[in-house]
Structure formats: C-alpha cells, structure tokens
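Colleague: I would like to learn how to read a structure, feature by feature. Can you take me through one?

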Amino acid sequence: MTPVDDAHLIDRVRTALKMVIDPELGQNVVDLGMIYEITVTDGCIVAILITTTTRGCPATDFIRQGIEECAWHVDGVELVNVRLTYDPPWLPSMMTPEIAALLGQ
Amino acid sequence: MPGASLSRWTMTYFAAALLCLIGAEVLMVAGFGYPATAIEAPETLLLVHLTTIGWLSLLMCGALLQFVPVLVARPLQWPLLSPIALLLILVGLGALLCGFANMAEIITVPTEVLPLGGVVLAVGFGTVIVSLGRTMWMARPLTLPAKFVVAGLASLIGTVTLGETFALTLAGLLGGEEALSLLTHGVPLHALLGLGGWMTLTAMGASYRLFAMFMLAPDIDRFSTRLVLFAGVFMLVVVAAATPFAMAATMGLSVMLLIALLAGLCALALYGRDVVTLYRQRKRRKIELNAYAALGAFGALVIAPILLVGLLLSGQLSTGVGALTYLFVFGWLSGLALSKLHKIIAFMTWLESFAPLLGKRPTPRVQDLVDEPHAAPWFGAYYAAVGFGALTMLVDLPIAFRLFVGVQLFATLAITVHFYRTRLLLNLSAESRASIGTQHLFFPQSIARIRP
C-alpha cells in the first residue's frame, strides 16, 4: 500500500464515521471535532484517537464502540483500534463552522 | 477506560418520586395541611415529608446514582444496592407517613411506627450513601462539583439523625428536657440541613456539571464556586454547632441561626453570580427547554432570600415561613428538578434505546425524543401557579391558594405526560420506533435486548 492508498482509506473511514452522532449535540462526531487522529498501518489496520465533549459522559463507551463498528465495516479495513483521550480536552472551537452555526455559536 | 455507566434503577426512583409529588399536590388541592391546619400540625408534617422525602429526596438519590459516576468519571460501585435502597426508602416513608397520620387521628397504628419509619429511612439513605460514597472514594481527588455532593450527603446524614431524634421524642421513646427542647427548637436546624444542605448544595453541584454538559459552558473551577462551597459548608457547620444550643434552649440558638442564614445567603448570592456567568459564557447559544425552564427555578431562588430578609426585618417570619418554604420547595427545588428531568429522562431513554445502534445505522438525537414546543407552556403554567400560590399563601387567601395549587397540579400532570411520551418514544415516528423492542416505562431494562 502506498501513502496515497492510506490517505484514501483514511478519507473513507472519516466519511463513514459521519454516521456516528454525539447524542447530546445531535451532530456527527467528525464535524464536531471529536476524531483527533486516524492512522493506517500495514494498509488495513486503523487506529482512531477520539475524545468526547464531556469527560465521564455516560454515552462514552457507546460512542467508542459505534466508531469501532462503523470503521470496521469500511472496505479494506481489517482491524480497528479506538483510543479515548482527553489531552487535549475537546473545545467548541474544534467544531466545523457549519456545525457551530447550527448550535447557535 | 474512564467512563460512567447507565444507572438501571434511576428511572424507577424518578417514577416513585413523581407519584409522591402528584400525591402531595392532590393533598394540597384538597386543603390538607397548612394553611388549612397549623404549620406544626401532623397533617402538615405528613405533607412536608411526602414532598421532601418522597419527591425531592427520591429524585435526588435517583439522579445522583446516575450523575455521581459522571461527576467522577467512574462507574457506580455496588449498583445492586440501588433497588434495595429504593425499597427501604419507600417502606420507611410509608411508615413515617402512617405515623403522622396516626398523630392526626386519620388512622390508628402504634406510635412506634413513626420512629421505626425513621430507622428504615436512615438505613435506606445510608445504603445510597454507601454506594455513592465508595464511588467517590475511589475517584479521589474529587472534582469541585463532587465536593458539593459530599457536603450534601453529609447534610442528609444530619437531617435524618435530627429527624429520627424528633420521631423518638414524639413517640415517647426519648424523654428528658433536652430531647423536648430539641424538638421544640430544633426544627429550623432540621429544615436548614435538609432543604439547604442536602437538597440545595447537591443541586448546585450537579447543576454546575450539567451546565457544562448541556450548554457547553466552561468547566467550573473558579474561585467564586469554591467560595459557594465554603459558605455552604460553613452554614452546615454552624447548624451542627447550634444543636447543643437547641437542646439547652439558650439564646445562643437565634444568633447561630442568624449566622447560618447569612452564610446560606452568601452561598446563594455567589451561586447566582456563577449561574449568570455560565449562561453568558455558554458556547451553545441556542439553549434547550431544560435550560430556559430552569430560569424559573433560579427566579424563585432569587425571590426566596429577598422574601426571607423582608419577613425577618418586618418581624413576620412566623406567619410567612409557610409561603417562603412553599416557594423554595416548589419554585426552586421542584422547578429545577422538573426542568432537568425533561432532559435527563430523554438522555437516559436514548442511551437505553439507541446507544447500541451507534455506528450500525442512523440514530435520532436525544432532542428528537422530546416535544419542546408543547412542553414549554406547561413549565410556564407551573411557575406562574407556584408564584401566585406563594403570594396567596402569604396574604392569607387559602381558597385562592388551593386554586393555584390546582393549576400547579394540572401543569405537573401535563409535564409528566411529556415524560411518559419520551419514555415510550412517542415523539418519534412509528418507523423509528419499529426496530426498538417494547420500551419499559420505569422498570430497568437491559440494553442488550435491543434488536440490532
């Protein structure tokens, strides 16, 4: 796999993850800026670094599992590893301007 | 991995609490208790405890079982204690109310039932405290909102202890001048610990976190919030220190009560300032019904201290204390509770019903589970009824008071119907509901039962 192929896979995973929403804000986790990093190794192993808007949110485990499930179904992905971090903590400025506008910012 | 869990029995606590609220409002509409009877009459005591234990304390316990894990980002410890505690609290409350009904000569039961109910209640609340306490102990150092909860739970222990002392004295099982003096002079301490310490400090702590979660307000760790906690804890310490004065019936009690009140007022003023700041600094400009319905509760929290100071200065506290308590309990505490329930019930229902579907298929938002345009007017009606109810009680118009409590009851029932619709996903299309199994109204359900 070439770096270009990896970049395409990352794009496909990122697009697929738009199906997963943060239930409280009602918007997808990608545009909310909750996906910090997606990396591909060996052409098929995907590592995703995520956060949540609030530490200790009861939906955290479900969001993490949803992201894992969603990414795993993307063509070319064989293994997914989702890690949760609060460093740096999520900030509203991480949202896309469109989503920020929807939330009345 | 740090994270909270879904409290499986919280919805059952909420259902029991709402039934108690409706029951208390029905009694008030029927003219039971103050102002139809004396404020210290057993009928009033029955009504007060149905409201404060049955409605507010059950609700608070259910909410804490869900939100303490959120506050400390750790799962609830010993969750199997939750249903046991609920059962004990309900049995204890039932016995306590029977004891008051016996004193009012409505039913006949042995006088020991009253203190026995207090003991069962103490064990029930103790069970909740054990579960929450262990959860927080394992999460040290505690966040600032969690420290409010610790102060609230400490107040609950004090409230229950004083209450049980009263019950033992009333049943004739505890005698002597000191016990009688405590019963005569210690009721304000019991009320301050319960309404001020247990309910208000806990509600404050939880609300700071909920602001951050639901309005994207900045996380609080500000100096003023520490001062709120300090003033609140200082009030509790003064109340605890005043207990020997109440037992000895000395003049020092009034001075200490005044100091406690001043500390409480300082805490309220600083909290009010924090709330205004958080509303202003929120990143989510379009706020939801739970946030703007809570404004009515904050309004009551502003008016109540002003009324208190006015009554103190005019020497009318003894005649106005009923209206003041009604405003504080139904305007501030119950208003905040109902407005936050509107969100919490939707959030927990979403977690039960749709969280396992994340990543598998499109899911609705939490907000799709509620019907804000139709629910909002009922919150308005509720606050208006409570406001006029307090006013008519204050100027001694008992019939008008009952009329406004009738409106309050109707609004409460309408808000409860909205909770019911949220629980059964009735605000979603039939198509969205089709893939979800039968929704349990208030019994816990396993999220594993949901069809993928």
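This is a predicted model: local features need pLDDT of at least 70, side-chain atom pairs count only at pLDDT 80 or more; totals for chains, interfaces and linings use all residues.

**Reading the model, step by step**

Modeller: Start with a β-α-β unit: in chain A, strand β4 (residues 45–50), helix α2 (residues 60–72) and strand β5 (residues 79–84) make a right-handed one. Right-handed means that, with the strands pointing away from the viewer, the path from the first strand over the helix to the second runs clockwise. Helices (H or I, at least four residues) and strands (E, at least two) are DSSP runs, numbered from the N terminus.

Colleague: How many bridges join β4(A) to β5(A), and do they run parallel or antiparallel?

Modeller: Two strands pair if DSSP finds at least two bridges between them. Here there are six, and the strands run parallel. Ile45(A) stands opposite Leu79(A) in β5(A).

Colleague: Which side chains of β5(A) are buried?

Modeller: Buried means under 20% relative accessible area, exposed over 50%, and partly exposed in between (1.4 Å probe, protein chains only). The side chains of β5(A) alternate. Val80(A), Val82(A) and Leu84(A) point to one face and are buried.

Colleague: What does β4(A) form with strand β3 of chain A?

Modeller: A hairpin, with three residues between the strands. Strand β3 covers residues 35–41 and pairs with β4(A) in the antiparallel sense, over six bridges. Val40(A) stands opposite Val46(A). In the turn, Asp42(A) has a positive phi of about 55°.

Colleague: Now charges. What is the general idea?

Modeller: Side chains of opposite charge can pair when their charged atoms come close. The rule for a salt bridge is a side-chain nitrogen of Lys or Arg within 4 Å of a carboxyl oxygen of Asp or Glu. Over all chains, the structure holds six.

Colleague: Which residue forms a salt bridge with Arg64(A)?

Modeller: Glu68(A), with the closest N and O atoms 3.7 Å apart. Both residues lie in helix α2 of chain A, four residues apart, about one turn of the helix. Arg64(A) counts as buried because its relative accessible area is 19%. Glu68(A) is partly exposed, at 31%.

Colleague: Which residues are linked in a network of salt bridges?

Modeller: Glu24(A), Glu288(B) and Lys343(B). Lys343(B) meets Glu24(A) with the closest N and O atoms 2.8 Å apart. Between Glu288(B) and Lys343(B) that separation is 2.6 Å. This second pair links distant parts of the chain, 55 residues apart. Glu288(B) sits in the loop between α9 and α10 (289–314) of chain B, and Lys343(B) in helix α11 (residues 317–353). Both Glu288(B) and Lys343(B) are buried.

Colleague: How do I read the interface of chain A and chain B?

Modeller: Count contacts, meaning heavy atoms within 4.5 Å. The contact takes 28 residues from chain A and 33 residues from chain B. Then take buried area: the accessible area (1.4 Å probe) that two parts lose on being put together, summed over both. Here it is about 2,700 Å², 68% of it on carbon and sulfur atoms. In chain A, Glu24(A), Pro58(A) and Phe62(A) lose the most area to chain B, together 26% of what that side buries. The rule finds one salt bridge across this interface.

Colleague: Where are the domains of chain B?

Modeller: Bounds come from an automatic or database domain assignment. For chain B it gives domain 1 (1–140) and domain 2 (288–442). Their centres, taken over C-alpha atoms, are 19 Å apart. The area buried between them is about 2,500 Å², with 83% from carbon and sulfur atoms. Zero salt bridges are found across that interface.

Colleague: One last residue. Is Tyr271(B) buried or exposed?

Modeller: Tyr271(B) is buried, because its relative accessibility is 0%. Tyr271(B) lies in helix α9 (residues 252–281) of chain B. Leaving aside neighbours within four places in sequence, its contacts include Met204(B), Phe298(B) and Trp332(B).

Definitions and conventions
Residues are numbered from 1 along each chain as its sequence is written. Chains are lettered from A and ligands numbered from 1 in the order in which they are written. Side-chain values use heavy atoms; hydrogens and water are left out.
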